[in-house]
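Work through these exercises with the sequence and the model side by side. Try each task before you read its solution.

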Amino acid sequence: MALNIVWIAFFVIAFFVALLKLIFLGDVEIFKRLADGVFDSAKSSVLDVAFPLAGTMVFFLGLLNIAEKAGAVRFLARFLNPLMKRIFPEVPSGHPAQGQMVMNFSANLLGLDNAATPFGLKAMESLQQLNPEKEKATNAQIMFLVLHTSGLTLIPLTIIAYRVSVGSVQPAAIFIPCVIGTLMTTLASVIVVSFWQKIKWDWVLYAWVLSAIAFVGLLLFYVGGLDTAGKETFGKIVGNVLLMVIILGFILGGVWKKVNVFDAFIEGAKGGWEVVLKIIPYLVGMLVGIRVFRDSGALDYVVRFFAWIIGSLGFDTKFVDALPVAIMKPFSGSGARGMMLDIFKNPELGPDSFAGLTASIFQGSADTTFYIIALYFGSVGIKNVRYSIWAGMIADFIGVIAAIFIAYIFFA
């Protein structure tokens, strides 16, 4: 119901904003822009999002099948069972979904979005096998999805690369702030959903969470001691090397376990195209709605409204120029990225301005909640998403507030 209301609201709000622009501002081109945007986004949803995803899906689902036959997924599930059975009490100990979720989280940590999606969709499919009501999301599926939408990333390589491309003199300055921001969003996600699901926290869960924070802290301490070139090199090498190690490890693990590796790859890869076909309608519907909402100018009015409230309360408004990125990020990663680049290219702002730095942290502190919910739940046919949107949006809101504070601490 929540996703249904939001999707309808995109079109209704966009139509009335466009109508007001036509009547009161004389913008005779507004409805043409909306219509052009509908056709353009419908086309790009398939050609620029779904089809490029197909190749990645085919390869990594094939690779995942090798890992499952070699026992790597079961090993991960057993190793992390003390943590996973507390966060996902509905999932049986050692279930393949545990290992698949870990692989999804690990790919996200390394900034490998293309690899994370196939692992995540496979994990959602495994969780769906445990679902007694096939059209209604389970607690485990919601916890997994909200954690995924928090976008925990240790290497914000893409953002650094964009900053380099627009001539930033400190492209890696946002490395540590981005990691802290995404960590805050992830912790908020765990706490919010745990409260909703009445999950009991014991010393084991606290120990895992504190250990993860300590690991991130040590990594930040190490990376913080590097110069700009060192940070960029670290970001480029670590994630890609570990990805190749994982690929090679799965293949050699299959050989070690006497698995017919290529046949196992083909068997798993065949499911990749089927998944893409399932998610295309959800992608087109969500991305067209977001595009219409954005092209109508409704987002600009939302930003101005927040700026007016913040200014009226007497708070500093330096971060307001970056707010479009924070508002758009839950709906569209490409839309938020475009707005971040607009700030970078703005001669009055730029990548090293306070707005540019804050926009970078917004971009790196969370993921696209609505897009991911439509993609993942759509892939398994779930229609009742329950409280997943509200939990994800609350976590996103906490992440935005944390990102603003982090920006002032580091750059004001």
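**Exercise 1. Find what share of the contacts with a separation of 6 or more joins residues 24 or more positions apart, then describe the overall build.**

Step 1. Residues 24 or more positions apart supply 77% of those contacts. Contact means heavy atoms within 4.5 Å.

Step 2. Note the source. This is a predicted model, where local features need pLDDT of at least 70, side-chain atom pairs count only at pLDDT 80 or more, and totals for chains, interfaces and linings use all residues. Residues are numbered from 1 along each chain as its sequence is written, and side-chain values use heavy atoms, with hydrogens and water left out.

Step 3. Count the elements. The protein has 18 helices and zero strands. Both are DSSP runs numbered from the N terminus: helices are H or I with at least four residues, strands are E with at least two.

Step 4. Check the dimensions. The C-alpha trace spans about 70 × 45 × 40 Å along its principal axes. The radius of gyration is 22 Å, which agrees with the value near 22 Å for a compact globule of 412 residues. That radius is taken over C-alpha atoms, and the globule rule is 2.2 Å times the number of residues to the power 0.38.

Step 5. Of the 412 residues, 53% count as buried. Buried means under 20% relative accessible area, exposed over 50%, partly exposed in between (1.4 Å probe, protein chains only).

**Exercise 2. Work out how α7 packs on α9.**

Step 1. Locate the helices. α7 covers residues 139-149 and α9 covers residues 175-197.

Step 2. Take the geometry. Their axes come within 9 Å and cross at roughly 160 degrees. Axes are lines fitted to C-alpha atoms, for helices over the stretch in contact; angles run from 0 to 180 degrees between N-to-C directions.

Step 3. Classify the angle. α7 is therefore roughly antiparallel to α9. Under 35 degrees counts as roughly parallel, over 145 as roughly antiparallel, 65 to 115 as roughly perpendicular, and the rest as oblique.

Step 4. List the contact. N139, I142, M143, V146 and L147 of α7 meet T186, S189, V190, V193, S194 and Q197 of α9.

Step 5. Sort by class. Six residues are nonpolar, five polar and none charged. Ala, Val, Leu, Ile, Met, Phe, Trp, Tyr, Cys and Pro count as nonpolar; Asp, Glu, Lys and Arg as charged; the others, Gly among them, as polar.

**Exercise 3. Is K198 buried or exposed, and what sets its phi apart?**

Step 1. K198 sits in the loop between α9 and α10 (203-224).

Step 2. Its phi is positive, about 60 degrees, although K198 is not a glycine. Most residues other than glycine have a negative phi.

Step 3. K198 counts as exposed, at 71% relative accessibility.

**Exercise 4. Trace the surroundings of L63.**

Step 1. L63 lies in α2 (residues 30-70).

Step 2. L63 is buried, with a relative accessible area of 1%.

Step 3. Leaving out residues up to four places away in sequence, L63 touches I247, F250, I251 and F265.
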